[in-house]
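Please examine the sequence and the model shown here before reading on.

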Amino acid sequence: MDQTSYTVDVRSILEDLGSTIELDADVDLPLITLGEQEFAPTGPGHLVASVTNTGAGIVVSGTLEITFMAVCSRCLREFPLPVSTPVEAFFVNPGEDHDLPEEQEVGIIHEGSVDLMEQILASLALELPFAPLHAEDCPGICPQCGVDLVDGPCGCEPDRSDSPFAALKGLLPPEEPS
């Protein structure tokens, strides 16, 4: 299957107002790159959706579930990242988009089919994290020696010399012995 498209044949509902096609299918997705992060699918995504002729067009509403391999932005470990995202789309026949509001996102029904890949990828782009973490409390790596702090402390002394707050220490009165 071509990973740049996921087409659904809608000819069976085009002439029948209110008709619906139920989708329960696997969708092959490409590697997704967002900024510096790459998200590699571990297998196909699973799409469950309804495709309905509303009279004004074809409406798609459903959910895609998939697992990606991601790299933790703190400790650089690769980990599986399950994602569930809504997939919503609206399609019209060619030339029938002139009465729609300008801000309405609309796809075109092409030869009796709609391609959902653009909407799937857009939904994933909104759902995928900017800085993925394998765990919320991931301590990351030591900035001095590079040891993964998930495995425990490394023994390095924290370097406080270039702290932007070091200058504030001189503003405090000296501590008096108790």
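The questions and answers below concern a predicted model.

Q: Which residues form the uncovered face of strand β5 (residues 45-53)?
A: In a regular strand the side chains alternate between the two faces of the sheet. The covered face of β5 holds Gly45, Leu47, Ala49, Val51 and Asn53. The uncovered face is formed by His46, Val48, Ser50 and Thr52.

Q: Which residue in β5 does leucine 23 stand opposite?
A: Strand β2 (residues 20-27) pairs with β5 in the antiparallel sense, over eight bridges. In β5, the residue opposite leucine 23 is alanine 49.

Q: Which residue in β6 does serine 50 stand opposite?
A: β5 also pairs with strand β6 (residues 58-71), in the antiparallel sense and over eight bridges. Serine 50 belongs to the uncovered face of β5. Its opposite residue in β6 is serine 61.

Q: Which residue takes a positive phi in the hairpin of β5 and β6?
A: Four residues lie between the two strands of this hairpin. The positive phi, near 95°, is that of glycine 55.

Q: How is the one aromatic pair of the structure arranged, and what are its rings?
A: A pair of aromatic rings is described by the distance of the centres and the angle of the planes. Here the ring centres of phenylalanine 39 and phenylalanine 68 are 6.2 Å apart. Their planes stand at 75°, and planes over 60 degrees apart count as edge-to-face. The pair of phenylalanine 39 and phenylalanine 68 is therefore edge-to-face.

Q: How many residues apart are phenylalanine 39 and phenylalanine 68?
A: Both are buried. Phenylalanine 39 lies in strand β4 (residues 37-41) and phenylalanine 68 in strand β6. The pair links distant parts of the chain, 29 residues apart.

How values were computed. Residues are numbered from 1 along each chain as its sequence is written. This is a predicted model: local features need pLDDT of at least 70, side-chain atom pairs count only at pLDDT 80 or more; totals for chains, interfaces and linings use all residues. Side-chain values use heavy atoms; hydrogens and water are left out. Buried means under 20% relative accessible area, exposed over 50%, partly exposed in between (1.4 Å probe, protein chains only). Two strands pair if DSSP finds at least two bridges between them. Rings of Phe, Tyr and Trp (its six-membered ring) pair if their centres lie within 6.5 Å; planes under 30 degrees apart count as stacked, over 60 as edge-to-face and the rest as tilted.
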